[in-house]
Amino acid sequence: MPSCCAGSILSGVTPPVPLARWWREPWWARLTLLGIVVAATVLMTWNLSKGGDFSFYEASARSMSESWHALLFGAFDPASTVTLDKLSGFAVPQALAIDLFGMSTSSVALPQVVEGIVTILACAVVGLRWGGRGMGLVAAAAAASTPIFVSMFGHPMEDGLLTMALAVALVWWQRAILTGRWWPLLVAGVFIGVGFQAEMMSAWVVLAGLLGATFLAVAGARRHWG
């Protein structure tokens with residue numbers, strides 16, 4: 001990490017070097033990334049209609065799609081008399097999909113496919129910014145072809161939203177470190193909060209790493225600026 005970039009966190013000066021962005025890369029690199037995303041989408045949707053969740057959570061998602069009150073409180077039934085045994089944030093995308101496409105296993109699983117695509121793109125962005133287009137493509141391909149990822153994002157389960165939220169949080173944290181601006185840290189915090197809604201304290205496993213890296217960046221900046 002350049003010292004000037006970390007130092008600007010303290011000084012408020014934005015580095016003159018712009019962030020690497022995929023739309024500025026050569027056409028073949030963008031086409032390769034698109035191919036990775038398409039291939040991953042095919043893998044994740046191959047058996048989409050056969051990968052159901054626990055009936056309890058599917059029933060809750062259906063109830064949340066039928067009642068705003070149930071959606072707000074994460075209720076098992078439309079009358080909101082029984083709530084889930086955990087935070088219901090993971091079921092909100094599922095409820096919206098049911099509302100749009102009707103109740104089916106595919107509808108409940110579809111949001112996880114979208115979350116998988118976003119996760120792959122987030123990995124590509126992180127790799128591009130830190131190691132160039134080659135690393136970005138390798139990171140995207142690794143995420144797209146990891147068997148547990150393909151299975152997780154092809155089934156209706158809360159781990160998909162958790163993984164996506166933390167990957168996007170890393171993108172914004174990286175932006176804060178590279179640009180020296182503080183507001184991307186707030187966006188990263190929001191996405192960690194989204195992860196908390198999906199899997200509660202599991203989302204906090206990244207906090208120690210992100211905070212530690214931020215403190216190291218600030219300490220390095222102070223040494224640089226004297």
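This is a predicted model: local features need pLDDT of at least 70, side-chain atom pairs count only at pLDDT 80 or more; totals for chains, interfaces and linings use all residues.
Reader: Why are α2 and α7 called roughly parallel?

Author: Helix α2 (residues 27–45) and helix α7 (residues 133–145) pack at an angle of about 5°. Angles under 35 degrees count as roughly parallel, and α2 and α7 therefore fall in that class. Their axes are 9 Å apart.

Reader: Which residues make the contact of α2 with α7, and what kinds of residue are they?

Author: From α2 come Trp 28, Ala 29, Thr 32, Leu 33, Ile 36, Ala 40 and Leu 43. Helix α7 contributes Arg 133, Leu 137, Ala 140, Ala 141 and Ala 144. They divide into ten nonpolar, one polar and one charged.

Reader: What makes α2 roughly antiparallel to α6?

Author: The axes of α2 and helix α6 (residues 105–131) cross at roughly 150° and come within 10 Å. Angles over 145 degrees count as roughly antiparallel, so α2 is roughly antiparallel to α6. The crossing of α2 past α6 is right-handed.

Reader: Which residues are in the contact of α2 with α6?

Author: On the α2 side they are Leu 33, Ile 36, Val 37, Ala 40, Thr 41, Met 44 and Thr 45. On the α6 side they are Val 113, Gly 116, Ile 117, Ile 120, Leu 121 and Ala 124. This contact has ten nonpolar residues, three polar and no charged.

Reader: How many salt bridges does the structure hold?

Author: There are two.

Reader: How do you know that Arg 133 forms a salt bridge with Glu 25?

Author: The closest N and O atoms of Arg 133 and Glu 25 are 2.7 Å apart. The cut-off for a salt bridge is 4 Å, so the pair qualifies. Arg 133 belongs to helix α7, and Glu 25 to the loop between α1 (3–11) and α2. The two are 108 residues apart, and the pair links distant parts of the chain.

Reader: Why is Glu 25 called buried, and Arg 133 partly exposed?

Author: Buried means under 20% relative accessible area, and Glu 25, at 13%, therefore counts as buried. Partly exposed covers the range between that limit and the one for exposed, over 50%. Arg 133 has 34%, so it is partly exposed.

Reader: What makes Glu 66 and Arg 62 a salt bridge, and where do they lie?

Author: Their closest N and O atoms are 3.6 Å apart, which is within the 4 Å cut-off. Both residues lie in helix α3 (residues 55–66), four residues apart, or about one turn of the helix.

Reader: How are Glu 66 and Arg 62 classed by accessibility?

Author: Glu 66 has a relative accessible area of 51% and is exposed, the limit being over 50%. Arg 62, with 43%, is partly exposed.

Reader: Why does Glu 158 count as buried?

Author: Its relative accessibility is 11%, and the limit is under 20%; Glu 158 is therefore buried. Glu 158 is found in helix α9 (residues 158–179). Apart from neighbours within four places in sequence, Glu 158 is in contact with Lys 86, Phe 90, Ala 198 and Glu 199.

Reader: Why is Ala 20 called partly exposed?

Author: Ala 20 has a relative accessible area of 32%, between the limits of 20% and 50%, and so is partly exposed. Ala 20 sits in the loop between α1 and α2. Leaving aside neighbours within four places in sequence, Ala 20 is in contact with Leu 128 and Arg 129.

Conventions: Residues are numbered from 1 along each chain as its sequence is written. Side-chain values use heavy atoms; hydrogens and water are left out. Axes are lines fitted to C-alpha atoms, for helices over the stretch in contact, and angles run from 0 to 180 degrees between N-to-C directions. Angles under 35 degrees count as roughly parallel, over 145 as roughly antiparallel, 65 to 115 as roughly perpendicular and the rest as oblique. Contact means heavy atoms within 4.5 Å. Ala, Val, Leu, Ile, Met, Phe, Trp, Tyr, Cys and Pro count as nonpolar, Asp, Glu, Lys and Arg as charged, and the others, Gly among them, as polar. Buried means under 20% relative accessible area, exposed over 50%, partly exposed in between (1.4 Å probe, protein chains only). A crossing is left-handed if the near helix is turned anticlockwise from the far one by less than a right angle, and right-handed if clockwise. A salt bridge is a side-chain nitrogen of Lys or Arg within 4 Å of a carboxyl oxygen of Asp or Glu.
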